[in-house]
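Here is a short note to read beside the model. Keep the structure open and find each residue as it comes up.

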Amino acid sequence: MKTTTQEDVLAKEGMARRSFLKFAGAGAIAAGVVATASSCQKHDGVVSDPTAIDLGTGDLAVLNYAYALEQLEAAFYTQVISSPYANISTTERNYLTDIRDHEVAHREFFKAALAGNAIAALTPNFSKINFADRTSVLSYAKAFEDLGVAAYNGAGYLIKSADYLTLAGKIVSVEARHAALIRTLLGIAIEEDTIVSVSGDGLELSQTPQKVLDQANQFLSGKPLIAPNLM
Amino acid sequence: MNLLNIIEDIHAADPEFKDRISPRRAAIKNITSFGTKVAAAALPFAFSTLFKKAYGQTATRSVNDVLNFALTAEIAELGLYNTGLSRAGLIPSQDVPAITLLRNVETKHVEFLRRTLGSNVNSTNASLSFAANTPNFDYTGNKGLNTASTAPFPNVFTNYDVFLAVVNAFEDTGVRAYKGQAPFLLGNQVVLTAALNIHSVEARHAAFIRRLRTIRNTSLTIKPWITGDGATASGVASPTLAATAAATVYAGEAVTTQAGVNIASFVSTSAAQESFDEPLTTDQVLNILANFRR
């Protein structure tokens, strides 16, 4: 049975969320009221969607989110190394091999840490990528690394365990190192406004799980990933 | 469940509770963001987070403590870039645009942290200068002493490779410092996210500088990522004073086990070390910075 939540009422009445908060007084109290209402809804359980892979709730959802992205990255670099682009230099092959190993380490770490709670192995679809072409490979490498950094940064505040937050921090800086190296191989500026707000506050532009998954799903065959509880 | 009653009940038992959860408290300044940005499905956690913030471990280190600590590190880093860029002939002309870009982004970080802290900038940070040749920092690593023989990096502003090695040390220290502070900001959508968004930028800078060093010196075996610890990680093997000073930045980076999982069972030992960057504690960072304070 679905319980009517404060959120539903607000939607029906067309009352702007902001004005509700003002109406309710202190922001902290208002957030608490909404939280209470929605916690009743939680008893309904997660509705499973047969057409998608739901990453679940809580820290397990964040860890599975990371596991999904690491699976994608590891599969990409595994293919890069097994079928290297034309005239790949020794330096580039060494760097890309290192990155493949790092992504495999991340993937296997999450798989081991999640154990029985892990989502299934995903089936990547890299048909858009021309693995024989250096520019294509490095451009997608840059896109995957930038997406990974934006994803970890954007999901950090959703993590409830300090240990998991530290682990995510240990991994995201390595992804950022990869992103920087790939940019030097492409011969482009180390930072630009689309990724880091150079002309703003100098901050990485983190992304919500929803936006990240929209992009990640373009590289997956089969059911798309969804994370309705990660917001 | 009536939340308002619960808050009244708790208030009866703990008269300071309302102050603990008041939006005036910096620790929960972002609570309005929870209201506007977090969907109802995730909101049960907003309430539990509220309690965590009122009574949790974050009380031992406030958001302002974390931001002031980050600001000190950023000011030290910015002073290094500003001084380097001011020395004619130190930075080769082809590298000036990239070093200037990194400096400009560090300037943004200092401005952002100062603006975020507002009147909560502590007295130490208020007194520090990041101008070229700042009187507050000794980038030779000699704590302002006049004994040249004890300086780890005496030629930091006359030898570009040494300058890059010191910049590298500061950037990697920055990455490790932000990482170590993250747990104090647990669940704080606004401040934690901002800190993470600086943390990854520091990592981008560190990787770029490490790559630049290997392009200049092809016998240097460091990589954009951190392999092991000591000289293997820092790329500074001699002289001894410099090697020792640089090595302190990488203490603990050689681990290969994460949350009980042996990463070296999946990949090589070096890849296991490289694939996870380690945090530094507040005290470890302060000790590193102390070597560069006058």
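1. Start with one term. A residue counts as buried if 20 or more other C-beta atoms lie within 10 Å of its own. It counts as exposed if there are 12 or fewer, and as partly exposed in between. Keep in mind that this is a predicted model.

2. Now use the term on helix 11 of chain B, residues 240-247. Ala242(B), Ala245(B) and Ala246(B) are buried there. What covers them? The cover for the buried residues of helix 11 of chain B includes helix 8 (160-181) and helix 10 (230-234) of chain B.

3. A cis peptide bond joins Ser238(B) to Pro239(B), with omega at about -10°. For background, most peptide bonds are trans.

4. Next, the whole of chain B. Its secondary structure comes to 13 helices and 2 strands. Of its 294 residues, 48% count as buried. Take the contacts in chain B between residues at least 6 apart in sequence: 65% of these join residues at least 24 apart.

5. Helix 8 of chain B also packs against helix 5 of chain B, residues 63-86. Their axes come within 11 Å and cross at roughly 165°. An angle over 145 degrees counts as roughly antiparallel. That makes helix 5 of chain B roughly antiparallel to helix 8 of chain B. The crossing is left-handed. Which residues make the contact? From helix 5 of chain B they include Val66(B), Phe69(B), Ala70(B) and Ala73(B). From helix 8 of chain B they include Phe163(B), Val166(B), Phe170(B) and Tyr178(B).

6. Some of these names return in other places. The largest nonpolar core has 133 residues. Tyr65(A), Val166(B) and Ala195(B) have the most contacts inside it. Which element gives the largest share of this core? Helix 4 of chain A, residues 58-82, does, with 14 residues. Now look at Ala195(B). Leaving aside neighbours within four places in sequence, Ala195(B) is in contact with Ala70(B), Tyr178(B), Gln181(B), Ala182(B) and Leu185(B).

7. Turn to chain A. There are 8 helices and 4 strands in this chain. Read along the sequence, the pattern is α-α-α-β-α-α-β-α-α-α-β-β. Of the 231 residues of chain A, 45% count as buried. Among contacts in chain A between residues at least 6 apart in sequence, 71% join residues at least 24 apart.

8. Glu70(A) deserves a look. Glu70(A) is found in helix 4 of chain A. Is it buried or exposed? Glu70(A) is buried, because 23 other C-beta atoms lie within 10 Å. Glu70(A) and Arg107(A) are 37 residues apart in sequence, yet 5.1 Å apart in space, C-alpha to C-alpha. Not counting residues up to four places away in sequence, Glu70(A) touches Glu103(A), His106(A), Arg107(A) and Phe110(A).

9. Chain A has a helix pair to inspect too. Helix 6 (residues 134-155) and helix 8 (residues 209-216) of chain A pack at an angle of about 155°, with their axes 9 Å apart. That makes helix 6 of chain A roughly antiparallel to helix 8 of chain A. Helix 6 of chain A passes helix 8 of chain A in a left-handed crossing. Leu147(A), Ala150(A), Ala151(A), Gly154(A) and Ala155(A) from helix 6 of chain A meet Pro209(A), Val212(A) and Gln215(A) from helix 8 of chain A.

10. Last, check two backbone angles. Most residues other than glycine have a negative phi. Asn87(A) has a positive phi, near 60°. Asn87(A) lies in the loop between helix 4 and helix 5 (90-114) of chain A. Asn87(A) counts as exposed because it has 7 C-beta neighbours inside 10 Å. Ala259(B) also has a positive phi, near 50°. Ala259(B) sits in the loop between strand 1 (257-258) and strand 2 (261-262) of chain B. With 14 other C-beta atoms within 10 Å, Ala259(B) is partly exposed.

Definitions and conventions: Residues are numbered from 1 along each chain as its sequence is written. Chains are lettered from A and ligands numbered from 1 in the order in which they are written. This is a predicted model: local features need pLDDT of at least 70, side-chain atom pairs count only at pLDDT 80 or more; totals for chains, interfaces and linings use all residues. Two residues are in contact if their C-beta atoms, placed from the backbone, lie within 7 Å. A nonpolar core is a set of buried Ala, Val, Leu, Ile, Met, Phe, Trp, Tyr and Cys residues joined through C-beta atoms within 7 Å. Axes are lines fitted to C-alpha atoms, for helices over the stretch in contact, and angles run from 0 to 180 degrees between N-to-C directions. Angles under 35 degrees count as roughly parallel, over 145 as roughly antiparallel, 65 to 115 as roughly perpendicular and the rest as oblique. A crossing is left-handed if the near helix is turned anticlockwise from the far one by less than a right angle, and right-handed if clockwise.
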